[in-house]
Amino acid sequence: MMSEFITVQVGQCGNQIGSAFWPLALQEHGIATSKPVSQQQRSRYNDAFHSFFSSPSDTSGASYKSLHDLENAKVKARAVLIDMEDSVVARFRNGPLRKLFDETLLLTNYPGSGNNWAEGHHAHGSEYASGIVDVVRRAAERSDHLHGFLLMFSVGGGTGSGLGTATLKLLADYFPEVDRFVTCVYPSGHEDVVTAPYNVMLATNVLLEYATCVLPADNKSLLDICAYLQNRKESAESAKAVAAASPYEDMNSIIVNMLLNFTSGSRFPGSLNVDMSEISTNMVPFPKLNFLSCGLTPLGFSSSHILQVPKQVEPWARDHQLLKIDPLAGTLLSATLLSRGSVTLSDMRYNVSRLQARGRFTPWNQDAIKVGLCSVPPNGHPAAHLSLLNSTSLGGFFSHIGGQFDRMYRRKAHIHHYLQIDGFSNSEFLDSRQSLYDTIGHYQQLANSQDAALDRLQVM
């Protein structure tokens, strides 16, 4: 039996990622939404259907060929949708996939969290805690082999950062044995949310403490990837497809393609599959060093328009990172290479040797590169590769977060909006800052220990 995952979509950004996620997840099982699906894809491994979908009648998913079939069989997505305003979730209720979502797993309110982490985390987090636990438990009770939660939200606003991290803490309390994989979107710094530096700092502190693994993306990197693909010399047909695609749809679909590749080894068969529990075991060497830099190839656009990229581009290349860092510029604490589709073991060995030649590994983990090979390719591509790198370069990413916070907090700008929320105190600003800078210091210590390899007996 394949592993099952529950997506927890929080806030506007989280639910927009979800709106891109479900059409692509259906297409992997040969169920057409807007893009035609090949006959080869239709007959492939539908026993993995229940990883993301629950059905009271069919155990294989092989009989589902259309949305009409799903509706007749009462198939539901393993999805919990949470937002403190109704507009994005309303698109699920009224859209073409509306029958796929269970109304009892949707939790909304009005009028939002006012771009205030404290409002989302403390006010709404306290008010809706029991409701969130109830809907998650309802989704979990429909699972036989629940392996993990996939949380999706942004950290720049109020609901995603505040209520999203409050939900993360609830999952850690009520489902401590279930992995919590968080995909969160960081702002580029040019958004309209003035209080984003506060929200980002406070949310990041919770992510460091409660997430099993964090797979971050930032808007700047996603926009650059979209611009790169748009500027490539493509055929006239591809150029028209790019022009017709929405930038935010493209950005969300890049994240979704990463998530589908990330979970593919737990959902589909393969000669060298990686179970999701192995990710955290191999990739998080110390507490709070749980952020992973994700690199993807090929880079896709929306579910309607997927473009190829040259095969020689490596997934760990800087331009293929979902976060605006160069992971190979720092010391690699751990690495995982996940491939799917028409990839041979010799191809995997070549990729490993290339990464070993390009990367600088910590002395106590020189050769430990986790590899996974799933047999089933993504829809529309013969193969795909995902790199997960735990690099000390992430210390620079956190330093940027700390610098933006310090510049605003030094002037005590806008802090009264946070202090007026019941349950929030100024110590949360200071504690979050200290936690972040402690993590930065840990990265720096590990980066400087390159030549300080210790005998194993000394370490023990």
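**Reading cores, a pocket and one serine**

Q: Which residues does Leu-207 touch, leaving aside those up to four places away in sequence?
A: In this predicted model, Leu-207 touches Phe-153, Val-155, Leu-168, Val-182, Cys-184, Tyr-186, Val-214, Asn-290 and Phe-291, not counting residues up to four places away in sequence.

Q: How do I read the largest nonpolar core, and which members touch the most others?
A: Start with the general idea. In soluble globular proteins, nonpolar side chains tend to be buried together. Here the largest nonpolar core has 64 residues. Phe-149, Tyr-186, Tyr-198, Leu-207, Phe-291, Phe-398 and Phe-429 touch the most other members. Helix H8 (residues 196-210) gives the most to this core, with 8 residues. There is also a second, separate core of 57 residues, with Ala-20, Ile-31, Phe-53 and Leu-215 among its members.

Q: How much space lies in the largest pocket, and what lines that pocket?
A: Rolling a probe the size of a water molecule over the atoms shows where empty space is left. In this structure, the largest pocket holds about 740 Å³. Its lining has 32 residues; Gln-12, Cys-13, Ser-154, Gly-157 and Val-193 lie nearest the centre. By class, 12 are nonpolar, 16 polar and 4 charged. Elements that each supply at least two lining residues include helix H1 (11-27), helix H7 (159-174) and strand S7 (179-186).

Q: Is Ser-221 buried or exposed?
A: Buried means under 20% relative accessible area. Ser-221 has 3% relative accessibility, so it counts as buried. Ser-221 lies in helix H9 (residues 219-231).

Q: What does Ser-221 touch beyond four places in sequence?
A: Ser-221 touches Gln-321, Leu-322, Leu-323 and Lys-324, not counting residues up to four places away in sequence. The C-alpha atoms of Ser-221 and Met-251 are 9.3 Å apart, with the two residues 30 apart along the chain.

Methods
Residues numbered from 1 in each chain as written. Predicted model: local features only at pLDDT ≥ 70, side-chain atom pairs only at ≥ 80, totals over all residues. Heavy atoms only, no water. Helix = DSSP H or I, 4+ residues; strand = E, 2+ residues; numbered from the N terminus. Buried < 20%, exposed > 50% of the residue type's maximum accessible area, 1.4 Å probe, protein only. Contact = heavy atoms within 4.5 Å. 1 Å grid on protein atoms, 1.4 Å probe; cavity = no way out; pocket = protein on both sides within 12 Å on 5 of 7 lines; lining within 4 Å. Points joined across faces, edges and corners; volume = space filled by probe spheres on them. Nonpolar A, V, L, I, M, F, W, Y, C, P; charged D, E, K, R; others polar. Core = buried A, V, L, I, M, F, W, Y, C linked by side-chain atoms within 4.5 Å.
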